[in-house]
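Please go through the briefing below with the sequence and the coordinates at hand. The points are grouped by topic.

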Amino acid sequence: MQGSRAAQFELYKLYAKAMYNVALRILNYEEEAEDVLQEAFLDAFTRIVDFRQETTFGLWLKQIVINKSINYLRKRKMEFVSTDEISEVPDEDSFDDYEVQLQAEEIRTAITQLPDGYRVVLSLYLLEGYDHEEIAHILKISENTSRTQYMRAKKKLKSILEQKGMRDE
Amino acid sequence: MNNRLETFVKENRKAFDVMEPSAGLWAKIEQELDNKKKKKPVKLYLWMSAAAAIVVVFGLAWLYVGKLQNKDLEIADVSASYAKKDVHFAGLITEKRDSLAIFAAANPELYKKFTADLKKLDEDYERLKTELPSSPNQTFVVKAMVKNREIQLQLLKQQLLIINQVDDYKRVNQI
């Protein structure tokens, strides 16, 4: 029932790196990300019987990784603050008008410099491909909060990148 | 909508997954998996022996108490058919209580509440039993006793259903 060890290793090889990056983006700490990865794989392997074929194994695993990562974050007493009260409309600003060369590595580093709340929402939306409805569900916040947080995170990201660009010149 | 950042990320998605977990991580996972495999049969074995022990203890206690109370007036002395029902219900109740006890560890508060409800019914039963010898209408008391058993059983069934659902819900929400 548990599947052979070789098959488990194949799954590990296939998904470990991607899942590690998912966890790392949320947690920003390599040690914690590894803990999450380990727990997630153990969970997945021991509960493989619960796995329903409605999704792929990868998506299922990713869900486990994200939930575990968020739990770790919450343990750090991080709160996904509701910003509903301050309903200033964030200006839909785009990256079109700015000078910095978009480099993946730069963006990646800049994301790690975002505060926890921004980083999580931005990562889930931009990199993990969840929509705001799903993010609201995962983080137990409102859809509107997710949208606002994302807009602000993007703004902040832009300013980090701009600062970096200026320093480089 | 067509934002440069979103588009860029989408097109260069792979460039964002650059970090690698440490090489020894699989070994750790493998070790944990081995531990779990070894633990499982032991756990099951323990559970089964615990269950067997409970059954033996209950059986002995039942025999012992039965002997002690032999001088008391029993339901059987009043009505054989009600006594049969009573024994039947009592057996089912013990069985259901055991099943409930298995869930106890996972849901301690719920279990506490349930046992409190059951305890009240049990006390009622005992009170009826002490009343039985001196009662002018013994058949009436016996009827009430059997009814009490029946209610206990219904309650237990409900409780098991609830606790099962709670358990399922918890399991589903774990993911």
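This is a predicted model: local features need pLDDT of at least 70, side-chain atom pairs count only at pLDDT 80 or more; totals for chains, interfaces and linings use all residues.

Residues are numbered from 1 along each chain as its sequence is written, and chains are lettered from A and ligands numbered from 1 in the order in which they are written.

**Confidence**

- Chain B has an average pLDDT of 83, and 92% of the residues score at least 70.
- For the model, the scores are ipTM 0.76 and pTM 0.55.

**Chain architecture**

- Chain A contains 7 helices and 0 strands, where helices (H or I, at least four residues) and strands (E, at least two) are DSSP runs numbered from the N terminus, and its pattern along the sequence is α-α-α-α-α-α-α.
- Chain B has 6 helices and 0 strands, and its elements follow one another from the N terminus as α-α-α-α-α-α.
- Of the 169 residues in chain A, 32% are buried, and of the 175 residues in chain B, 9% are buried; a residue is buried if 20 or more other C-beta atoms lie within 10 Å of its own, exposed if 12 or fewer, and partly exposed in between, with C-beta atoms placed from the backbone.
- When contacts between residues at least 6 apart in sequence are considered, 73% of those in chain A join residues at least 24 apart, and the corresponding share in chain B is 71%; two residues are in contact if their C-beta atoms, placed from the backbone, lie within 7 Å.

**The interface between the chains**

- The contact between the two chains involves 27 residues of chain A and 22 residues of chain B.
- On the side of chain A that touches chain B, at least two residues each come from α1 (5–27), α2 (30–46), α3 (57–75), α4 (104–112) and α5 (116–127), and α1(A) gives the most, with 8 residues.
- By class, the residues on this side of chain A comprise 16 nonpolar, 6 polar and 5 charged, where Ala, Val, Leu, Ile, Met, Phe, Trp, Tyr, Cys and Pro count as nonpolar, Asp, Glu, Lys and Arg as charged, and the others, Gly among them, as polar.

**The α1–α2 pair of chain A**

- The axes of α1(A) and α2(A) come within 9 Å and cross at roughly 140°, with axes taken as lines fitted to C-alpha atoms, for helices over the stretch in contact, and angles running from 0 to 180 degrees between N-to-C directions.
- This angle makes α1(A) oblique to α2(A), since angles under 35 degrees count as roughly parallel, over 145 as roughly antiparallel, 65 to 115 as roughly perpendicular and the rest as oblique.
- The crossing of α1(A) with α2(A) is right-handed, a crossing being left-handed if the near helix is turned anticlockwise from the far one by less than a right angle, and right-handed if clockwise.
- The residues that meet across this pair include Y12(A), A16(A), M19(A) and L27(A) in α1(A), and E30(A), V36(A), L37(A) and F45(A) in α2(A); the contact has 13 nonpolar, 1 polar and 2 charged residues.

**Positive phi in chain A**

- N28(A), in the loop between α1 and α2 of chain A, has a phi near 70°, a positive value in a residue other than glycine; because N28(A) has 18 C-beta neighbours inside 10 Å, it counts as partly exposed.
- K140(A), in the loop between α6 (132–139) and α7 (143–168) of chain A, is not a glycine either, yet has a positive phi of about 55°; with 9 other C-beta atoms within 10 Å, K140(A) is exposed.

- Q159(B) is placed in helix α6 (residues 138–174) of chain B and counts as buried because it has 22 C-beta neighbours inside 10 Å.
- Leaving aside residues up to four places away in sequence, Q159(B) touches L100(B) and F114(B), while its C-alpha atom is separated by 8.9 Å from that of Y111(B), 48 residues apart along the chain.
- K120(B), in helix α5 (residues 108–131) of chain B, counts as exposed because it has 10 C-beta neighbours inside 10 Å.
- K120(B) and Q152(B) are 32 residues apart in sequence, and their C-alpha atoms are 9.9 Å apart in space.

Technical notes. pLDDT is the predictor's confidence in each residue, from 0 to 100.
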